[in-house]
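Have the sequence and the 3D view open as you read.

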Amino acid sequence: MALSAFKKVFGSKHERDAKKMRPIVDDINEFFDTLHDLTDDELRGKTTTFRARMKEEIAEYEREIAELNEKLKGDVEGEERKGVYERIENLEEERDAVVADILDEILPEAFAVVKEACRRLVGQTWDVTGHKVVWDMVPFDVQLMGASVLHDGKIAEMATGEGKTLVAVLPLYLNALPGRGAHLVTVNDYLAKRDSEWMGKVFEFLGLTVGCIQSDMDTSQRRRMYECDITYGTNNEFGFDYLRDNMGVEAEDIVQRGHYYAIVDEVDSVLIDEARTPLIISGPVGSTEHTFDDMKPRVERLVNEQVRLINKYAADAEKLLAEGNEKDAGVLILRSYRGFPKNNRLAKLLNEPSNKRLMQQTELEYLKDQGSRMHEIDDELYYAVEEKTHVIDLTEKGREFLASSQADKDMFVLPDIGTEVAAIEGDQFLTPPQIQRKKEDLYKLYAERSDRIHTVSQLLRAYTLYEKDVEYVVQDGKVLIVDEFTGRILQGRRYSEGLHQAIEAKEGVKVERDTQTLATITLQNYFRLYSKLAGMTGTAETEAAEFYDIYKLDVTVIPTNKPITRTDYNDFIYKTRREKYNAVLSEIEDMKKQSRPVLVGTTSVEVSETISRMLKRRGIAHEVLNAKQHQREAEIVSRAGMPGAITIATNMAGRGTDIKLGAGVVEKGGLHIIGTERHEARRIDRQLRGRAGRQGDPGSSRFYLSLEDDLMRLFGSDRIARVMDRFGMKEGDVIEHAMITRSVERAQKKVEENNFAIRKRLLEYDNVMNQQREVVYDRRRHALVGERLKDEIFDMMRELLGEVSEKYYDEGDIAGLVDELRRTFLIDVNFTPDEFRRLGKDGVVDRASKAAVEFYNRKEQELGTEMMSRLERMATLQVIDEKWKEHLREMDDLKEGINLRAYGQKDPLVEYKTEAYGMFVEMMKTINQEVLQIVFRAFPAVPEEIPQRRAARMPRREQMQLQHESALGFGMQENREPMAQGAEGQIKRKPVKVAEKVGRNDPCPCGSGKKYKNCHGK
């Protein structure tokens, strides 16, 4: 009540935001009126004027930064070097603050310049993706508001048809003026190309350059696109280019030039819907063996047996209900649901609201006391299904069934490692080698059974929870994932942890080889790299809390240019899907008779094809737009507003193309939207509705639901079931009531909160990985394009010497210390026992450090500064890449099993953070140690042809692979003996015989100590 009164007096937040922007819009229009008399060159000259002012204001900062960078190339060490870096960082922050102030100050005039350019282009034609377009757009006031919001680094919610593509042009122009690149992120290659060609003429008219990233571009093309003032591209291309830049071994491999400003189109789709799917660059693992094909027949038999069991339970439940025995019937219904949630016979039972309530009451009874009795339900099943969380638990009965035809009845039972190890170590009759052998056999057995259980679990998920033409499609012998929010195929994406391979085995297509992660980042963390991030969409308000919580992005709703006149009817709710689909067809036929176009929105490929088949049987012409026909997307959408057109679309969200009404459609009532099911996110439904009623056009929408829909089945409230009972609904009856529609929306809100919690939890895990990634990538980037690494090498050397001294000093092991210094640094440092004690740990470190520095300087003198610098750089890159790859694999393994810690009353996230930190510290120590070994022990040889020259003629992926494999192997030989100083202070190297061809079992020349076949000879 108080909130309502407050809104009446002061207006809603969005009304207050719009009121606040009004003066800015007035300023823009005032400047706009003064620009009409300028010539085209004078208008274009405004861009030069803006840039000249900016350059002048930051000139002093740029001069001092350049001087400090030059200073770093000289002899600056230790604390002084750190101080220089800190000063550069502070200067860059001050410079950026000055630039931001200037951009805010010139915004009205700059936006007016863009608006005037748009006015002058009206009537001109040019090619856009092979089609002639006539420019007819000049920004409205509400579009100027939206542009102002985007410049401020916020999210602008603008209804479909309000011209978001044009809105982005203004802030892109303004934020491109500093010359650091402005990015426009779209959802597919077609839209990126279309928008860059369509809007690009405005930028070019004003003297800016425009680029567009496409998936088939090579390195040099991509670099040219990123060098443009404004770059269009997809979220995947931007993200993968970032990862590839951090895998390059030459400065020329880097294509991106920073992350200054980005506008994300369809921001809710990119930052929320796709946030749970990380971008991954993967490579093949050493072993390609899998057991999915072997386990498939057993799992199929198990699934069939469970189906028979569930059918029996459902039939028995029907009989018990008829006898009035609700208690036992409730148990059987719940058991059926836990065993096969989508079973047809069970679905019919649950169509009766009273049966659904009975199951829920039974579930609550068994979940009392932290679910201590739920095992009584599950133990009678072969496996239990948690549909909401997509988890499947193989029961004891299931394990026995799978092993029933095998000699080893425990093949699916994991041994208790702790108990077994204790028993082995406590066996007094075993020798130490026998104990070690038995422990190794135990670990091997555990790994084999664990892998077997994992394979079975993933196959069960594939058969039970993942439906063809819903979650994925099969095309050309490949399993392709379908984006549940947009209906598009997610090219190049694969389910992780073996699930994709399980689905491939289920569908009988080739099971692709397993891969390991080489580089990965979530879209959430990629977009957080930008200094300023903005977004635009037709639906963001319902997710405003998440946008602010995770990205610190505020949502501003921009008013429409013309009032929305679309009529949104209450939902129609039926008992069964069959009744619902028949009602949908009747409505389509009715609209067809009125010559009104209809857009039918579905939640899956399967539903769109079902409705298509039903329409064909009735002889109704129509078009289908889903994951299987996405190539014809633009063509289908362009005709969807014609009189009498029927278009079936799998989630029109993010399609990026307006449906314009044909002749006579406005008079007949406009486009009619039919939703065949409510999506779990309210904004997806709003996006579907928003396809009608653009720019003040008439239109209407209605959703058709049934109790068999997933949302209703999983999250539908008891309230809906009670209302249906009260109305005494029979087959064919329909309920239409605002209260029911609100109940459905409450269920959707519950799901949204659930999903937000999941995404936030996943982000907390990924933040651990992200912090580590930033440290590693910063270090790698410094090695790739930075100054000499000599000071860092000496810092690492002193730290390692401290650890070595600590290791040997307390035990008085002089021989061990001398031997390790010789092996690691190729230096001879000798101590008498008295010297060793007198010097102390620090003194030992000082003497060893002095010897190592002298050795290093002599080596640099002989090899030359350029060769030594290259050796430092390539050693650092190679070791970082190898150890980071291993670390990612170990982190994947850690994350996969971390949730089991909850059974030990431990917080899995806390455990994950603790162990991940320990693993990271250990990795960084190993990197330091191995880099030191290489730079001290490796020496150049003259190569026949340096691989980098050959690599220059290769595609980027092959180039990077060759360079990774040969980064140090090329032209390098290792001296494993210490080097002595000659009378003249020159290095005398003991002769080393280098084989022309390294044997597979020979030590690898890189100095790792591994055999060549297990290192660079892989």
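## Terms and model

Two strands pair if DSSP finds at least two bridges between them. Strands (E, at least two residues) and helices (H or I, at least four) are DSSP runs, numbered from the N terminus.

Please keep in mind that this is a predicted model, in which local features need pLDDT of at least 70, side-chain atom pairs count only at pLDDT 80 or more, and totals for chains, interfaces and linings use all residues. Residues are numbered from 1 along each chain as its sequence is written, and side-chain values use heavy atoms, with hydrogens and water left out.

## Strand 7 and its partners

Let's begin with strand 7, residues 261-265. This strand pairs with strand 14 (residues 532-537) in the parallel sense, over five bridges; there, Asp265 stands opposite Met536. Strand 4 (residues 182-186) also runs parallel to strand 7, joined by four bridges, and Ala182 has Tyr261 as its bridge partner.

How many residues of strand 7 are buried? Five of its five are, where buried means under 20% relative accessible area, exposed over 50% and partly exposed in between (1.4 Å probe, protein chains only). Tyr261, Ile263 and Asp265 lie on one covered face, Ala262 and Val264 on the other.

## Phe412 in its loop

Next, find Phe412 in the loop between helix 18 (396-403) and helix 19 (417-425). Phe412 counts as buried because its relative accessibility is 1%.

Arg399 is 13 residues from Phe412 along the chain, and their C-alpha atoms are separated by 5.9 Å. Leaving aside neighbours within four places in sequence, Phe412 has contacts (heavy atoms within 4.5 Å) with residues including Met295, Arg298, Arg399, Leu402 and Val456.
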